[in-house]
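Subject: Structure handover

Hello,

Here is the structure I promised to pass on. Please open it alongside this note.

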Amino acid sequence: MLFGKKKGVAGLDVGSSSVKVVELDGKLNNLSLVGLGYENLPDDTIVDGQIMEMNAVSEVIQNVCKDHQISANQVVTGVSGHSVIVKNIVLPPMSRDELEESIDWHAEEHIPYDLSDVSLDYHVTSQTNDATQVLIAACKRERIDALKQAVQLAGKQPVVIDIDTFALQNCYEINYQPDASQTVALLNIGASTMNVNIVQGVNSVFTRDITVGGSQFTDILQRNLGLSFQQAEAVKRGVVDPQSNMDEKSIEPLMNNVTEMVAMEIQKTFDFYRATTEDTGVQVQKILISGGGSKLAGLAEELSSKLELPVEVLDPFRQIKVDTRKFDPDYLSEIMPEMAVAVGLAVRGVEVR
Ligand SMILES: Nc1ncnc2c1ncn2[C@@H]1O[C@H](COP(=O)(O)OP(=O)(O)OP(=O)(O)O)[C@@H](O)[C@H]1O
Ligand SMILES: [Mg+2]
């Protein structure tokens, strides 16, 4: 179709607890929301980042797209967790060709897996007379293959496999247009993984995926109070089941234990960042949180007081036009924290279409 509508590329975030999809239209500096969907995954369909129930996952992807009229057939999706390795490496000055030829050899020592088992990508971040700085990203190939398969089974075509932590950064950049004087820590607290990306202006200076998230709060309630997954989720979200005669006083200390642990993991990451960037490192000025796990009542305040930094909720639609006749503002603000990565993936979709 010669004058037909430009084909869209949606952002599809397959998390371990839910699938999110976002479709954007327009130019990068003038984006509008055209599609948005969210659906929970059955418990244990994705464990430790690994797809355990291929059909169940693809069915949810298919439903979330169908139910929310996502017209794009192509999607950008992402990976995260411990099978994803992202590193900034410094190499001697060299030409693009020399780099292309030697990248596997250079990357090998930074990747704890056999290179034949991973998919490797790289990007030159700076080139001077003394050094070539390269950002390398690698992911276990079986993870990528499984994700692609789930997407294809759902009738969609995966055109780019991105990395969640970069999608998070893309979402931040589009919406906040930071200048080089701003250093923020982006946190995406999911169900099983927390992505941390420290960004100076529009440059990522440190990333790490930590295996903590909202499901740890649910687990501890399940185990200590003898609850089912659904009951524990409800208790965690403050919707206490009046039928159950549970000891409400025991909830708070259990939750506090996990909050402490999450705050400590973030603190350790910031300390590590400071130690590895000793004199050049800039101080983190602010934390922007996202992810369903960040919705835990009081968590933002706790993190702010423990880490002595302002903590704000990242707004993934801050600079995106939203037609409130089509998208209910109350629903949008309720699921806003969960949508950050999907928005970032959709931004990438706009870039590649
Ligand atoms: N109101 C709430 N209060 C507390 N926790 C919440 C709330 N809403 C959602 N969560 C938690 O957020 C988590 C899901 O967040 P999210 O959708 O960002 O994760 P995910 O992308 O599926 O997982 P991951 O990225 O770790 O694979 C779950 O642990 C869920 O219990
Ligand atoms: Mg997630």
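Gln231 sits in helix α6. Helices here are DSSP runs of H or I with at least four residues, strands are E runs of at least two, and both are numbered from the N terminus. Gln231 is partly exposed, at 31% relative accessibility. That class runs between two cut-offs: buried is under 20% relative accessible area and exposed is over 50%, with a 1.4 Å probe and protein chains only. From Gln231 to Leu221 the separation is 10 residues in sequence and 9.0 Å in space, C-alpha to C-alpha.

Two notes on the source. This is a predicted model, in which local features need pLDDT of at least 70 and side-chain atom pairs count only at pLDDT 80 or more, while totals for chains, interfaces and linings use all residues. Residues are numbered from 1 along each chain as its sequence is written, chains are lettered from A and ligands numbered from 1 in the order in which they are written, and side-chain values use heavy atoms, with hydrogens and water left out.

**The ligand**

Which residues come nearest to ligand 1? They are Ser16, Ser17, Ser192, Glu233 and Lys236, out of 21 residues around ligand 1. A residue counts as near if one of its heavy atoms lies within 4 Å. By class, this shell holds 3 nonpolar, 12 polar and 6 charged residues. Nonpolar covers Ala, Val, Leu, Ile, Met, Phe, Trp, Tyr, Cys and Pro; charged covers Asp, Glu, Lys and Arg; the others, Gly among them, are polar.

Backbone atoms take part too. A polar backbone atom of Ser16 is 2.8 Å from an oxygen atom of ligand 1. For Thr193, the distance from a polar backbone atom to a ligand 1 oxygen is 2.9 Å. For Ser18 it is 3.2 Å, again from a polar backbone atom to an oxygen of ligand 1. The protein covers 91% of the 650 Å² of accessible area that ligand 1 has on its own. Such areas come from the Shrake-Rupley method with a 1.4 Å probe; for residues, only the protein chains shown count as cover.

Why does ligand 1 lie between domain 1 and domain 2? Because both domain 1 (1–83 + 143–176 + 319–353) and domain 2 (178–313) give residues to its shell. The domain bounds come from an automatic or database domain assignment.

Glu252 and Lys236 are 16 residues apart in sequence, and their C-alpha atoms are 9.8 Å apart in space. Glu252 is found in helix α7 (residues 251–276). Glu252 is exposed, at 56% relative accessibility.

**The loop between β6 and β7**

Ser83 lies in the loop between β6 (74–79) and β7 (84–91). Ser83 is buried, with a relative accessible area of 5%. Its side chain makes a polar contact of 2.3 Å with the side chain of Arg143. A polar contact is a pair of N or O atoms within 3.5 Å; within protein, one must be able to donate a hydrogen and the other to accept it, and residues adjacent in sequence count only if both atoms are side-chain atoms.

His82 is in this loop as well. His82 is partly exposed, at 44%. Between His82 and Gly49 there are 33 residues in sequence and 8.4 Å in space, C-alpha to C-alpha.

**Positive phi**

Most residues other than glycine have a negative phi. Asp44 has a positive phi of about 65 degrees, although it is not a glycine. Asp44 lies in the loop between β3 (30–40) and β4 (46–47). Is Asp44 buried or exposed? Asp44 is exposed, with a relative accessible area of 51%.

Leu41 is in the loop between β3 and β4 too. Leu41 is buried, at 8%.

Gln177 is not a glycine either, and has a positive phi of about 35 degrees. Gln177 is in the loop between α4 (164–176) and β11 (183–189). Gln177 is exposed, at 54%.

**Cysteines**

How many disulfides does a search of the whole structure find? The search finds 0. A disulfide is a pair of cysteine sulfur atoms within 2.5 Å. The sulfur of Cys171 is 19 Å from the closest cysteine sulfur, in Cys65, so the two are too far apart for a bond. Cys171 is buried, at 0% relative accessibility. Cys139 is buried, with a relative accessible area of 3%.

Best wishes
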